[in-house]
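Thank you all for coming; I would like to take a few minutes to go through one structure. Please have the sequence and the model open while I talk.

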Amino acid sequence: MDFKPSPDTPVRKPPLPVKIVIAGGFGVGKTTAVAQISDTPVLTTEAPITEVAAAIDRTGEVPGKTTTTVALDFGTVAIDDEVKLYLFGTPGQDRFGFMWQDLTAGALGALVIVDTRRLDDCYPAVDYFERAGLPFLVAVNLFDGELAHNLEDVRWALALGADTPMVTFDARDRISVRDALVALLHRSLAAASS
């Protein structure tokens, strides 16, 4: 049986897929952010932290963390009927850095999540996106609702130019994650049109 749409039936186009990377150091809130905003069940590759990994990853600085991402996190969020974000969360440890090129291929931009209590953990992500020329936004995660350092001090410590946007957000709050992603989209679209 052939189905022929009526000439009056509007043809609905699928939403434009937009790839966004969520990056940052170990334990900064990447998996949490993807889980909070995703409209679909999140694909995650969380694995228990072993004794060996705990020593390498300095888990003493995040004592409540018992699992870690070993490949990626994946979720989606529809911005509207025309745009759908495909979110790819990177693993935070340096030893998984070899995957970043594959995870960032074709991305429109990146959200680099920062924990100001451990700024040194975010340098690799900032450096990677600066070298790759991929537009990114730095999102300072407010752990326990507090900002440990003001944003200008964080900008100075990360040696970020004035053209790199920074926001504060809470990875546990869907609206806060949404606002950070919208700011990233504005940044990425402005970069694409210049």
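Let me begin with Arg118, which is buried, its relative accessible area being 5%, where buried means under 20% relative accessible area, exposed over 50%, and partly exposed in between, computed with a 1.4 Å probe on protein chains only. Before I go on, please keep in mind that this is a predicted model, in which local features need pLDDT of at least 70 and side-chain atom pairs count only at pLDDT 80 or more, while totals for chains, interfaces and linings use all residues. Residues are numbered from 1 along each chain as its sequence is written, and side-chain values use heavy atoms, with hydrogens and water left out.

What does Arg118 pair with? Its salt-bridge partner is Asp115, with the closest N and O atoms 3.1 Å apart; a salt bridge here is a side-chain nitrogen of Lys or Arg within 4 Å of a carboxyl oxygen of Asp or Glu. Asp115 counts as buried because its relative accessibility is 2%.

By this rule the count comes to seven salt bridges. One of them joins the side chains of Arg174 and Asp39, at 3.0 Å from N to O. This pair links distant parts of the chain, 135 residues apart, with Arg174 in helix H6 (residues 174–193) and Asp39 in the loop between helix H1 (30–37) and strand E2 (43–48); helices (H or I, at least four residues) and strands (E, at least two) are DSSP runs, numbered from the N terminus. Arg174 is partly exposed at 34% relative accessibility, and Asp39 is also partly exposed, at 43%.

Another salt bridge is formed by the side chains of Arg178 and Asp179, 2.7 Å from N to O, and here Arg178 is partly exposed with a relative accessible area of 39%. Salt bridges that share partners also join Asp115, Arg117, Arg118 and Asp121 into one network.

Let me turn now to strand E5, residues 109–114, where six of six residues are buried. In a regular strand the side chains alternate between the two faces of the sheet. In E5 both faces are covered, with Gly109, Leu111 and Ile113 buried on one side and Ala110, Val112 and Val114 buried on the other.

Which strands pair with E5? Five bridges join E5 to E1 (residues 16–24), running parallel, and five join E5 to E6 (residues 136–141), also parallel, where two strands pair if DSSP finds at least two bridges between them. Ile113 stands opposite Gly24, and its bridge partner in E6 is Ala139.
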